[in-house]
Amino acid sequence: MKCLYCDGEMEKTSSNYTINRKDFHLFIQNIPVYVCTQCHEKYFGEEEVEAMQDMAKTLESKVENVRAAG
């Protein structure tokens, strides 16, 4: 697999990912990812991206529920 930015080789590894929203910060460790050996650009797979987006949406909803209850 080649990097879309620099044409470098991609290496499968794991990495951390942070989602920052106005109401919360979500930090996820050890997610499978491809990282360019030249420019270090990261490419997450479709399944991982969907899971991270689902987590963020769920957390956002839960934060809203907690605030509404207060």
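Reply: Happy to! Let's begin with exposure: a residue is buried under 20% relative accessible area, exposed over 50%, and partly exposed in between, using a 1.4 Å probe and protein chains only. Glu-9 has a relative accessible area of 40%, so Glu-9 is partly exposed. Please keep in mind that this is a predicted model, where local features need pLDDT of at least 70 and side-chain atom pairs count only at pLDDT 80 or more, while totals for chains, interfaces and linings use all residues. Residues are numbered from 1 along each chain as its sequence is written, and side-chain values use heavy atoms, with hydrogens and water left out.

Me: Why is the pair of Glu-9 and Lys-2 called a salt bridge?

Reply: The term asks for a side-chain nitrogen of Lys or Arg within 4 Å of a carboxyl oxygen of Asp or Glu. In Glu-9 and Lys-2 the closest N and O atoms are 2.6 Å apart, and the pair qualifies. Lys-2 is partly exposed because its relative accessibility is 44%. By this rule the count comes to three salt bridges.

Me: What makes Glu-60 and Arg-21 a salt bridge?

Reply: Their closest N and O atoms are 3.3 Å apart, which meets the rule. Glu-60 lies in helix H1 and Arg-21 in the loop between E1 and E2, so this pair ties together parts that are 39 residues apart in sequence. Glu-60 has a relative accessible area of 29% and therefore counts as partly exposed; Arg-21, at 33%, is partly exposed too.

Me: How do you know that Asp-23 and Arg-67 meet in a salt bridge?

Reply: The N to O distance between their side chains is 2.9 Å. Asp-23 sits in the loop between E1 and E2 and Arg-67 in helix H1, so the pair ties together parts that are 44 residues apart in sequence. Asp-23 is partly exposed because its relative accessibility is 29%, whereas Arg-67 reaches 52% and so counts as exposed.

Me: What makes a stretch a helix or a strand?

Reply: Both are DSSP runs numbered from the N terminus: helices (H or I) have at least four residues and strands (E) at least two. The protein has one helix and three strands, and along the sequence they follow the pattern β-β-β-α.

Me: How do you know that the protein is more spread out than a compact globule?

Reply: Here the radius of gyration is taken over C-alpha atoms, and the globule rule is 2.2 Å times the number of residues to the power 0.38. For 70 residues the rule gives 11 Å, and the protein's radius of gyration is 16 Å, well over that, so the protein is more spread out than a compact globule. Along its principal axes the C-alpha trace spans about 50 × 20 × 20 Å. Buried residues make up 23% of the 70 residues.

Me: Why are E1 and E3 said to stand at the edges?

Reply: Two strands pair if DSSP finds at least two bridges between them. The three strands form an open sheet in the order E1-E2-E3, with antiparallel pairing. E1 and E3 (42–43) each have a single partner strand, so one side of each is left without a neighbour in the sheet. Two bridges join E2 to E3, and Tyr-34 stands opposite Tyr-43 in E3. Helix H1 (residues 46–69) packs on the sheet and touches E1 and E2.

Me: What makes Ser-15 buried or exposed?

Reply: Ser-15 has 11% relative accessibility, so it counts as buried. Its place is in strand E1 (residues 10–20). Contact means heavy atoms within 4.5 Å, and, not counting residues up to four places away in sequence, Ser-15 touches Ile-28, Gln-29, Asn-30, Ile-31, Val-33 and Lys-42.

Me: Which label does Asn-30 get, buried or exposed, and why?

Reply: Asn-30 counts as exposed because its relative accessibility is 58%. Asn-30 belongs to strand E2 (residues 25–36). Leaving aside neighbours within four places in sequence, Asn-30 is in contact with Ser-14, Ser-15 and Asn-16.

Me: And why is Pro-32 called partly exposed?

Reply: Pro-32 has a relative accessible area of 37%, so it is partly exposed. Pro-32 also lies in strand E2, and among its contacts beyond four places in sequence are Lys-12, Phe-44 and Glu-48.

Note on methods. Axes fitted to C-alpha atoms, helices over the stretch in contact; angles between N-to-C directions.
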